[in-house]
Amino acid sequence: MIRSLLPFFSADMQQILATLPTRIAAELQEIRIREERPLEVVWASGCGFVSDKGGLCADPGQAYRPTRRDCAELLEQLTQHSMYTFEEELKRGFITVSGGHRIGLAGRTVLEQGKVKYIKDVSGFNVRLAREWKNAAKPVLSYLLEPGGERVYRTLIVSPPQQGKTTLVRDLARLLGTGGADNGLRRSFKIGIVDERSEIAACVKGVPRFDVGYRTDVLDGCPKAEGMMMMIRSMSPEVLIADEIGRAEDALAIHEALHAGVGVIATAHGRDAAELRRRPILRELLEDGVFDRFVVLARPPGAGPETAVYDKQGKRLDDRLAWRGGLS
């Protein structure tokens, strides 16, 4: 996985990152690059610094410190040597590259009429690795289908960052859009993915690089609210999928989708329903009874990841599922 990202880095950083232990490289979730500060990596069970001599080190004083040149070369590669072309991404604070990997950016913001126009003097990067885990959603799928399997319950997938929301929703799209008895489905569904951050389908020139199902259409790089309405008007989906909802316009688009008879599967940041209710827009959706099912992903201290499925009354439906998907 990391090999596909190495060409974005300077020669020095490529050489150093290539020395990571095989197990760490296989579980890698993030590469944290901060100019003139220790190079950090985060994997499934921990985090550490990368030594300037290769491998991991516990002492940050012995870690490689990315230089201004390292950061400048990385940004040049990410923007394909054209900052202007990526102005919208720079305004949002992240760039998504082929494979669905998202690189968060930190630096000095330039404002225009009180709003962020773009980020300049970029000195911090968070390279988040995306992974495709087929069948990750199989354990929860049956709980999200109405009796008879002809319709999909309106579902909200909830978890803190990096617990697997995107991985799960990606595989739900694949299963529902492919169908088949092997997947526990009596039929397939027309799926519409609004992939604002290009993370679910990892499109390159409009073509998904992840398997999102035979009957799945993707609107890539489009704001969720506008994209959901475009999908309804143009592609007649049976189920709409969107990642990380939370804005007022997202709520309006979801209501419009439901009024049009289109099912919705969405994700949101949060630990549980109580935390969601502290966010006004999500509280409104909960109070309106928009969602029939809630899938909560969590990683209890000292334990492996878990998945729980609830109905709208808060009753737990599953038999303590174990989350087997992976992280995104």
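Contact here means heavy atoms within 4.5 Å. In this predicted model, Phe-9 is, leaving aside its neighbours within four places in sequence, in contact with Gln-14, Leu-17, Ile-31, Ile-33, Leu-74 and Val-127. Phe-9 is also among the residues with the most contacts inside the largest nonpolar core.

**Nonpolar cores**

- The largest nonpolar core comprises 34 residues, and Phe-9, Ile-31, Ile-33, Leu-39 and Phe-125 have the most contacts inside it.
- At least two residues of this core come from each of the helices α1 (11-17), α2 (22-27) and α3 (68-78), and likewise from each of the strands β1 (28-34), β2 (40-43), β5 (94-97), β6 (101-112) and β7 (115-128).
- In soluble globular proteins, nonpolar side chains tend to be buried together.

- Strand β8 (residues 155-159) is largely enclosed by the rest of the structure, because 5 of its 5 residues are buried.
- Thr-155, Ile-157 and Ser-159 point one way from β8, whereas Leu-156 and Val-158 point the other way; all are buried.
- Strand β12 (residues 263-269) runs parallel to β8 and is joined to it by 5 bridges; within β12, Ala-268 is the bridge partner of Val-158.
- Strand β13 (residues 293-298) also pairs with β8 in the parallel sense, over 4 bridges, and Val-295 in β13 is the bridge partner of Ile-157.

**Largest pocket**

- The largest pocket holds about 440 Å³ of space.
- Its lining consists of 23 residues, of which Gln-80, Phe-86, Thr-96, Val-97 and Cys-203 are the closest to the centre.
- Two or more lining residues come from each of α3, α4 (87-92) and β5; β5 provides the largest share, with 4 residues.
- By class, the lining of the largest pocket divides into 9 nonpolar, 8 polar and 6 charged residues.

**Second largest pocket**

- The volume of the second largest pocket is about 300 Å³.
- Among the 18 residues that line the second largest pocket, Ala-273, Phe-294, Asp-311, Lys-312 and Gly-314 lie nearest its centre.
- The elements giving two or more residues to this lining are α9 (273-276), α10 (280-287), β13 and β14 (306-311).
- The lining of the second largest pocket divides into 10 nonpolar, 3 polar and 5 charged residues.

How values were computed: Residues numbered from 1 in each chain as written. Predicted model: local features only at pLDDT ≥ 70, side-chain atom pairs only at ≥ 80, totals over all residues. Heavy atoms only, no water. Buried < 20%, exposed > 50% of the residue type's maximum accessible area, 1.4 Å probe, protein only. Pairing = 2+ DSSP bridges. Core = buried A, V, L, I, M, F, W, Y, C linked by side-chain atoms within 4.5 Å. 1 Å grid on protein atoms, 1.4 Å probe; cavity = no way out; pocket = protein on both sides within 12 Å on 5 of 7 lines; lining within 4 Å. Points joined across faces, edges and corners; volume = space filled by probe spheres on them. Nonpolar A, V, L, I, M, F, W, Y, C, P; charged D, E, K, R; others polar.
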